[in-house]
Amino acid sequence: MSILVTGGCGYIGSHMTWNLHDAGKDVVIIDNLSTGFSWLVPDGVPVIEGDIGDADLVAKVMRDHKVEAVIHFAGSIVVPDSVKDPLGYYFNNTVKSRSLIENAVKAGVKAFIFSSTAAVYGNPAETDKPLTEELSLEPISPYGTSKLMTELMLRDSAVAYGLKYAALRYFNVAGADPAGRTGQSTPTATHLIKVANQVALGQRDALAIFGNDYPTPDGTCIRDYIHVSDLVAAHALALDALLNGHEPFVANCGYGKGYSVLEVVEAVRRVSDVNFEAAIVPRRDGDPATLVADSSRLRSITGWLPQHDDLDLIVRTALDWERTLIEKGHNRA
């Protein structure tokens, strides 16, 4: 029996693959390699280059590899792009996920872990305390809506077909494998910490801060930054919970505290020892002012205990990975 990781050659997916590989699990990857890289994953892990929307391919992989669980990362993730191309996002994130879920049901998959997002909450009215899963779901971007629609398909599939699933709502994922084996490797990625590190290392010309007129202490957006290694550890624990009989669940993934864009920029300057410039530019479409997680449900169900809850550590592992990319010549689009 094996675990299928969709998008397993991408940023989070490759960390998940290493986590499962380290634990001695059999893993198979489906990735179209649009933003992923096969050199990020352990030698010997099968990488099937293809699309999760290809139902025949997915069915064959599930059959040939005796897949018992799916961890689903494949999809499009750039919020402003989703505003410009909503139908593209609904196709890639929602329609293709429906096909994958159907294949999982037909194959009798025992557990399905879905990569969801805090964007399903939209712009919450109350931001003075961390967000719980009971809040109303009112996404303000097609990206958030595309993920919510997949959550709803999983909910209904659990009722109709008995599919066991966990939908994990990520806050801001950052950092890189502390062992230096993988990290965010797409040169044009839009993650704040990656971009700031690239500016510090001279790989990009400038850092843009999108808006300083938000209702926050310094006017810039506040986010809950979670180290990618802690995030994938949560997935592994969620998978164990489902395979051991836990009912389907939805849970937030974050540390419960937020940092503003300006605070993150200062952390990158501090860790890199480079006092680079950052320019204030107009807001982007689809950006809520504050998103901080209440992850008590995740901790209660799985026993999750973060190991990397430190902003400077997150920045340092990401910076080390950027240096690795430069050394390997993988830092250019």
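Helix axes here are lines fitted to C-alpha atoms, over the stretch in contact, and angles run from 0 to 180 degrees between N-to-C directions. Helices (H or I, at least four residues) and strands (E, at least two) are DSSP runs, numbered from the N terminus.

This is a predicted model, in which local features need pLDDT of at least 70 and side-chain atom pairs count only at pLDDT 80 or more, while totals for chains, interfaces and linings use all residues. Residues are numbered from 1 along each chain as its sequence is written, and side-chain values use heavy atoms, with hydrogens and water left out.

I will start with helix α6. Helix α6, residues 192-200, packs against helix α10, residues 311-328, at an angle of about 55°, and their axes are 9 Å apart. That angle makes α6 oblique to α10. On the scale used, under 35 degrees is roughly parallel, over 145 roughly antiparallel, 65 to 115 roughly perpendicular, and the rest oblique.

Which residues of α6 meet α10? They are Ile-193, Lys-194, Asn-197 and Gln-198. On the α10 side, the partners are Leu-311, Ile-314, Val-315, Ala-318, Leu-319, Glu-322 and Leu-325. Contact here means heavy atoms within 4.5 Å. By class, the residues of this α6 and α10 contact are seven nonpolar, two polar and two charged. Nonpolar covers Ala, Val, Leu, Ile, Met, Phe, Trp, Tyr, Cys and Pro; charged covers Asp, Glu, Lys and Arg; the others, Gly among them, are polar. As background, an α-helix has 3.6 residues a turn, so residues three or four places apart point the same way.

How many of the residues of α6 are buried? Nine of its nine are, where buried means under 20% relative accessible area, exposed over 50%, and partly exposed in between (1.4 Å probe, protein chains only). Lys-194, Asn-197 and Gln-198 are among the buried residues. Besides α10, the buried residues of α6 pack against β7 (172-174), β8 (207-210), β10 (225-227) and α8 (261-272). After α6 comes Gly-202, with a positive phi near 80°.

In the loop between β7 and α6 sits Thr-186. Thr-186 is buried, at 16% relative accessible area. Not counting residues up to four places away in sequence, Thr-186 touches Thr-35, Phe-37 and Lys-194. Lys-194 also belongs to the α6 side of the α10 contact.

From α2, Ala-55, Val-58, Ala-59 and Met-62 meet Ser-99, Leu-100, Asn-103, Ala-104 and Ala-107 of α4. The residues of this contact are seven nonpolar, two polar and no charged.

Ser-34 lies in the loop between β2 (27-31) and β3 (47-49), and is exposed, with 57% relative accessible area. The side chains of Ser-34 and Asn-32 are joined by a polar contact of 2.8 Å, that is, a pair of N or O atoms within 3.5 Å; within protein, one must be able to donate a hydrogen and the other to accept it, and residues adjacent in sequence count only if both atoms are side-chain atoms.

Glu-49 is in strand β3, and counts as exposed at 57% relative accessibility. Leaving aside neighbours within four places in sequence, Glu-49 is in contact with Asp-31, Asn-32 and Leu-33.
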